[in-house]
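Subject: Structure handover

Hello,

Here is the structure I promised to pass on. Please open it first, then read my notes below.

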Protein chains: 6
Amino acid sequence: MAEIHIIAPVITQGMRNLDDIAHLARPDLAFSLSVLDRGPASIESEYDEALSVPAIIARAVEAERNGADAVIIDCMGDPGVNPSREMIRIPVLGPAECSMHLAATMGQTFSVVTVLDSVVPMLNNLARAYGVKDKLASVLAVDMPVLEIEQRLEEARQRLAETSRLAVERDGADVIILGCTGFFGCADAIAAHLAAAGHDVPVIDPIPATVCMADAMVRAGLRHSKKTYAYPRAKTLIGYEMLHSTG
Amino acid sequence: MAEIHIIAPVITQGMRNLDDIAHLARPDLAFSLSVLDRGPASIESEYDEALSVPAIIARAVEAERNGADAVIIDCMGDPGVNPSREMIRIPVLGPAECSMHLAATMGQTFSVVTVLDSVVPMLNNLARAYGVKDKLASVLAVDMPVLEIEQRLEEARQRLAETSRLAVERDGADVIILGCTGFFGCADAIAAHLAAAGHDVPVIDPIPATVCMADAMVRAGLRHSKKTYAYPRAKTLIGYEMLHSTG
Amino acid sequence: MAEIHIIAPVITQGMRNLDDIAHLARPDLAFSLSVLDRGPASIESEYDEALSVPAIIARAVEAERNGADAVIIDCMGDPGVNPSREMIRIPVLGPAECSMHLAATMGQTFSVVTVLDSVVPMLNNLARAYGVKDKLASVLAVDMPVLEIEQRLEEARQRLAETSRLAVERDGADVIILGCTGFFGCADAIAAHLAAAGHDVPVIDPIPATVCMADAMVRAGLRHSKKTYAYPRAKTLIGYEMLHSTG
Amino acid sequence: MAEIHIIAPVITQGMRNLDDIAHLARPDLAFSLSVLDRGPASIESEYDEALSVPAIIARAVEAERNGADAVIIDCMGDPGVNPSREMIRIPVLGPAECSMHLAATMGQTFSVVTVLDSVVPMLNNLARAYGVKDKLASVLAVDMPVLEIEQRLEEARQRLAETSRLAVERDGADVIILGCTGFFGCADAIAAHLAAAGHDVPVIDPIPATVCMADAMVRAGLRHSKKTYAYPRAKTLIGYEMLHSTG
Amino acid sequence: MAEIHIIAPVITQGMRNLDDIAHLARPDLAFSLSVLDRGPASIESEYDEALSVPAIIARAVEAERNGADAVIIDCMGDPGVNPSREMIRIPVLGPAECSMHLAATMGQTFSVVTVLDSVVPMLNNLARAYGVKDKLASVLAVDMPVLEIEQRLEEARQRLAETSRLAVERDGADVIILGCTGFFGCADAIAAHLAAAGHDVPVIDPIPATVCMADAMVRAGLRHSKKTYAYPRAKTLIGYEMLHSTG
Amino acid sequence: MAEIHIIAPVITQGMRNLDDIAHLARPDLAFSLSVLDRGPASIESEYDEALSVPAIIARAVEAERNGADAVIIDCMGDPGVNPSREMIRIPVLGPAECSMHLAATMGQTFSVVTVLDSVVPMLNNLARAYGVKDKLASVLAVDMPVLEIEQRLEEARQRLAETSRLAVERDGADVIILGCTGFFGCADAIAAHLAAAGHDVPVIDPIPATVCMADAMVRAGLRHSKKTYAYPRAKTLIGYEMLHSTG
């Protein structure tokens, strides 16, 4: 039995529930979940990310200590992925890195459709950092804050569908990635909308995709390189003592 | 229950057995296997690949028709992956593409350690085609033909270990990919050799990694883009009638 | 007297005639031509390519044996170029590789105007593989199957002209490449159309360009590298015995 | 009179003193300095960076409020540069970004010589993110922790000189960047060592270089783009209330 | 007291006056200026550049001999920058290289808005040569010759503003660079126009930016690499004797 | 009968003679040659190039006026290629651009072996500008000035052979380009040396290769794009009146 631990990198309860991914459980695969005790209500900037990272690392360290086999950080900005990889040895996956590399294997180009214009540069920069910028057709936004998605879900789906179609028809995208993990569950509706317009294009819902990839890494015995992500050296630390003890 | 079908893209019986990956089976995951009725005894050139592809496509088409959920082509040259993706709708995975993108997420750089100098340019070109050349530290060869690996397994392991160490120490590799699916089962010994030399570096065994990735794609409901890999138009065909009937 | 051998990589008689390039003959340069005995009627997918390659290689081997000085494979997908280079020592040229590198020397950017949307990803991927993607402004299609070009030649010319103008005006192309060797003979009309719209832009007709480049390589004593394209090792082969005997 | 504010992104007093850069003061240019009240003693990993960022942002916000004209974050990992740019409007400079782009204008290639092997991947990734990886000859380490540099200064200088020479002679570096702001003041000795070996190669000391660049941006009226670094949206925040009030 | 010498690389008196940059003078910073005695009236092609370069080099050599601390060549084609760097040891800055690298640090993407369509390919090629093409959103032209800017200044400002807005809204530019040093003084008006349209985007006026960067390089003790820009070997020279004597 | 005009871009008589390429003449192909009346004795720096360019342009303009069908500038720095393309309409070829693109089609990687360390950065930068840097294995120098090659020809051949072997064995080159047109005639000896060491690697002698390519462009009716290389606008010019009259 393997356990994948999902960190909702916000202080908002209920943005992610284990029910969301219950259908991905298997006889030999279970999930656990944690949220942050300090940090922002949602993540829509590098500032929000910065304030989420210390608590994300703490959750990742606890997850490994509690026997988890892999950790997923549930945000398309991939906050805290690299420092968590330094602190622990089990795989740590970010949905942006995971979705973008998957998309790169699924078609000639891909677009990301996200929440706000303000996160478009962040996603472009992630594509650069991950080395897949050459296959990125565009990053587009539907102009809806993360915390409003749930209440305006039907509108979100509609805007995602229209914007995805623009990505396909104008920008030449062959694969669509939902650019916020808050769009969970919208992929099928978007794919149907695209199919109705004559585009047989897959749509990646990042959290299910990343959960399955984490499971794959665990089964294949893979983890990140400790040559890239070396354990940090122990040193004096003020304000994060709880973390320090795990170094 | 999902079924992943593995195509051994050669006419040589026994180069791949289902026993090899039996430990990757799960309560809801099974494997099937086919070999070619025409093609080469092993694949060590683009010529060998070219002669394997028509029969690979036929096997892929049959696999989909027989209910498989994904197809893997068991060779690090990824022969026939793209045309098979055109002919069917279930995911078709190549171990080179899969391993290279996985490696790109696991560390800052990776090297591929393969069989013969003659395949080094092919693997470099695959890294270019897949867009991961920037993270490729080197492609090195152990100078051993595919068909001799099994008989000279201990020597193969030894050479792989030494060559991998060279990739890490001289070329700066942070992740190692075994560059031939015939090196199946050697990853642990190489990782141990590297660890003994002070290098905590993961080693990707391509077939287990690709099997787990295929399982992940099936579970996540992902497939390749039909905008990139459109169904071929029906047309007159001489010499491959069996294939044509499936178009 | 040098001889350039052209392989029409299809089973369709008459898609290429030596008359087409008779004006390129010189006192010391002659041409020969072959078609396939097995393979597809036309090439519009990687599947079509795959089924053309074994017979292409056979024709290339025969051409070298018969004293040809260079081989050209007459399709913008460049099918079989690399495996043929492995099997023989005389230069083997593909019109896509040749035209794209020529275009890269002729202007700051280029576009390719091809037959069908389904081949757009293939041409984008070839540009990646050849390392010229950075100068590729766009790949556009006129939505006409290869086998209809000849009957609808005037319409093809018109669509090519309009689409080329779009490539120049919207996508910033400074050079146009005809993206199917079936568009043979259309370059002048398109260049005239562009000139009338105020664009002094060269249009590359791939077959004449590749023929002249092959002649250049022969005269300059150049050939492909046997370090990149090593002779394949002899091995057991089923279904392609005729080829095997030449290994 | 312009004021450049330097944030020493650690809790260690005295790692940076205004005396260090007093010679860079001008009749119309003054400096101020702050250190962190919480965070790590030194920065040698992405984990250390993560724990320094919240307090860095707070210092940057205060600096703008106090009338500073630009902010420099005194660490070659450029921690907190992007989120600080989001929160304030005056230029925020990171010495790695600044030194790498300067080096790119000063020669055909450059190498970075840093403290520990564990930061080599971080610096390679920064070069990727900044788009200058193509000109990066190598990142090398002298194997000395940040907090030991001051006590072992002579040894540090010696190792830097020898390692820089290796970068020039083996890796082809035309410019050297000191890869840790703790190497402050070592550039002249290294340049002299290189000159004695026949290499007329400039050595960039990152803090003086970044101070002068910040001064240049202020004088030229330049700042970062608010389209790339939009002000974060106000939202509920736990554990960083002091920061929230400045949003 | 440092002195920055500006070379107006044309024979036209008054295209640049020291008054233009008088506001950038500082208690410890002065400017000097020279124009060419032979060359073109303005620079709008590589041909114009070629004819300006011999006299530019002569001015640069004189400037160093006369005690200047840095040289700026006042044209966005950066003519003569590299050969001048070879002949002298003080920094030689080109406004295109300088502005493009600055822009790369100021936002995720940038566009250049220049005079004529005919210089668009030159600026694209400079971005390639400088390694920042990946961040270049577009190069656009306002269709006005250099020598008409001064007389049609209001119209120039208007066209620049509209074209910059197109760059931001259609091409995704996060930073704007004025693509001709003849647009001196227009940046504020353009930034105001963009701000009125809701775009908080910085506009780089290349000459002030380059002057401040040159000052920064002087203060930081930086210069170009003599490994990249070696002193030319003395040799026979016809037609440029004055230059030869300085070799 | 086509005529290819070769410009020896130096004032040194006899560095290039038509005899050198007499064996490339054909029943329908003739050559002509010019040298410069002003400029440097040889080209080994960007400074040397700058002083050769005005007279190169004059020779190119005359060549077109005299009925030449293409122009070649006989130097691996490709001096004056772009401004000459602006001034005339017939193809203008540079041996570096031509050889590098040819090499890119001939193997997976190539190295350039040139005269002096001081030209190594120039050739690296040309590879960047031409977009083929990704396939460039290395640029190496044999440490011999251009004007000494002829007198020390045997030594030059020996050093070229050894350095080429280093490029193949250490740097992974699959194709060798002679990096100075003064190495004319050495290719066969180097290829033989490499073959004796077991490397079946082609060696490009740039002038024969470029002559044959120019012939190919003429026969194929190709020329450079006037959208990239627009005719310069007429304008006042001092010191180059002879050129101006042709504008």
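Two residues are in contact if their C-beta atoms, placed from the backbone, lie within 7 Å. Keep that cut-off in mind for what follows. Also note that this is a predicted model.

Chain C and chain D share no contact. Their closest C-alpha atoms are 14 Å apart. Chain A and chain F are not joined by any contact either. For that pair, the closest C-alpha atoms also lie 14 Å apart.

In general, a rotation about an axis and a shift along it relate two copies of a chain.

A helix pair in chain F

Look next at helix H3 (residues 95-106) and helix H4 (residues 120-130) of chain F. Their axes come within 10 Å and cross at roughly 65°. H3(F) and H4(F) are therefore roughly perpendicular to each other. Their crossing is right-handed.

Which residues meet there? From H3(F) come Ala96(F), Glu97(F), Met100(F) and His101(F). From H4(F) come Leu126(F), Ala127(F) and Tyr130(F). By class, this contact of H3(F) with H4(F) has 5 nonpolar, 1 polar and 1 charged residues.

Best wishes

Methods:
Residues are numbered from 1 along each chain as its sequence is written. Chains are lettered from A and ligands numbered from 1 in the order in which they are written. This is a predicted model: local features need pLDDT of at least 70, side-chain atom pairs count only at pLDDT 80 or more; totals for chains, interfaces and linings use all residues. Axes are lines fitted to C-alpha atoms, for helices over the stretch in contact, and angles run from 0 to 180 degrees between N-to-C directions. Helices (H or I, at least four residues) and strands (E, at least two) are DSSP runs, numbered from the N terminus. Angles under 35 degrees count as roughly parallel, over 145 as roughly antiparallel, 65 to 115 as roughly perpendicular and the rest as oblique. A crossing is left-handed if the near helix is turned anticlockwise from the far one by less than a right angle, and right-handed if clockwise. Ala, Val, Leu, Ile, Met, Phe, Trp, Tyr, Cys and Pro count as nonpolar, Asp, Glu, Lys and Arg as charged, and the others, Gly among them, as polar.
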